[in-house]
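Have it open while you read, and tell me if anything looks off.

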Amino acid sequence: MTTLYGLEALAIGTGEKVTRLCLFEGPLELGWKHCAITSDFVAEFVALRYRTSRNLYKEVRHNVGYLTNELIENAVKFRAAGEVIVEASVDDNVFRAKVSNLIDEEPALQFQHLLSEITTGDPGDLLIKRIEANATGTTENGSGLGLLTLMSDYGAHFAWVFGAEEPGGKIPLETYASIAVPDVSN
């Protein structure tokens with residue numbers, strides 16, 4: 001059974017012109033430094049088209065880097081053993097990303113519960129409530145602060161697709177995200 005959270009229209013893919021990166025499990029242990037390096041690469045790749053304007057370049061590089069890093073960190077943090085695939089594209093002034101990984105059943109259920117909480121209501125209001133809950137230590141299912149910040153402050157849109165459980169209890173998870181980028185022709 002496939003379960004979708006977020007915007008259904010976003011979960012149709014990243015477009016035809018996709019850059020695909022695969023982070024493999026290996027002797028160096030897939031970890032935080034790989035998240036930062038990969039998100040910096042994607043951000044630089046996207047921001048290069050804005051190099052004629054220092055301000056636009058910095059804005060796009062920051063926004064795309066922050067979004068991509070959050071997606072990859074979540075995939076690495078909650079994944080079952082295996083690779084993480086990152087796909088990215090820019091089309092019609094929208095940066096789109098898709099991160100795919102496997103997740104164990106228990107973390108998948110916890111993540112689904114978190115998503116059911118943070119995808120209903122106004123992201124700004126939910127962000128304030130989550131910050132308050134974190135400050136008082138009453139957050140039960142992870143904070144979701146990074147995702148809420150991206151939705152509230154950056155206008156990011158998300159979709160998550162949890163696939164059918166595979167042998168061994170692994171669940172395929174696809175995380176889709178989009179964020180507006182300036183028109184390069186201006």
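1. Ground rules. This is a predicted model, so to speak: local features need pLDDT of at least 70 and side-chain atom pairs count only at pLDDT 80 or more, while totals for chains, interfaces and linings use all residues. Residues are numbered from 1 along each chain as its sequence is written, and side-chain values use heavy atoms, with hydrogens and water left out.

2. Overall fold. The protein has five helices and six strands, taken as DSSP runs numbered from the N terminus (helices are H or I with at least four residues, strands are E with at least two). Along the sequence the order is β-β-α-α-β-β-α-α-α-β-β.

3. Of the 186 residues, 41% are buried; the cut-offs are under 20% relative accessible area for buried, over 50% for exposed and partly exposed in between, with a 1.4 Å probe and protein chains only. Taking contacts (heavy atoms within 4.5 Å) with a separation of 6 or more, 67% are between residues 24 or more positions apart. The protein exposes about 10100 Å², and carbon and sulfur atoms supply 53% of that. Those areas come from the Shrake-Rupley method with a 1.4 Å probe.

4. The cavity. How many cavities of 30 Å³ or more are there? The count comes to one. A cavity here is a set of points on a 1 Å grid over the protein atoms alone where a 1.4 Å probe fits but cannot get out; a pocket is an open set with protein on both sides within 12 Å along at least five of seven lines; and lining residues have an atom within 4 Å of a point. Grid points are joined across faces, edges and corners, and volume is the space filled by probe spheres set on the points. The largest cavity holds about 80 Å³.

5. What lines the cavity. Helix 2 (54–78), strand 4 (94–104) and strand 6 each supply at least two of the lining residues, and helix 2 gives the most, with four. By class the lining has eight nonpolar, three polar and no charged residues. For the classes, Ala, Val, Leu, Ile, Met, Phe, Trp, Tyr, Cys and Pro count as nonpolar, Asp, Glu, Lys and Arg as charged, and the others, Gly among them, as polar.

6. The second largest pocket. This one has about 210 Å³ of space. Its lining includes K17, T19, F41, F45, R49, S89 and F95. Helix 1 (32–47) and strand 3 (84–91) each give at least two lining residues, with helix 1 giving the most, four. The lining divides into eight nonpolar, two polar and two charged residues.

7. Aromatic rings. The structure holds six aromatic pairs; rings of Phe, Tyr and Trp (its six-membered ring) pair if their centres lie within 6.5 Å, and planes under 30 degrees apart count as stacked, over 60 as edge-to-face and the rest as tilted. F111 and W160 have ring centres 6.3 Å apart and planes at 85°, so they are edge-to-face. F111 is in helix 3 and W160 in strand 5, so this pair ties together parts 49 residues apart in sequence. Both F111 and W160 are buried. F158 and W160 have centres 5.3 Å apart and planes at 15°, so that pair is stacked. One aromatic cluster is made up of F78, F111, F158, W160 and F162.

8. Helix 5. The buried residues of helix 5 (residues 145–154) are G146, L147, L148, T149, L150 and M151. They pack against helix 2, helix 3 (105–118), helix 4 (123–136) and strand 5. Just after helix 5, G155 has a positive phi of about 70°.

9. Two single residues. N69 sits in helix 2 and is buried, with a relative accessible area of 17%. Beyond its neighbours within four places in sequence, N69 contacts C35, A36 and S39. G168 is in the loop between strand 5 (157–162) and strand 6 (170–180), and counts as exposed because its relative accessibility is 68%.
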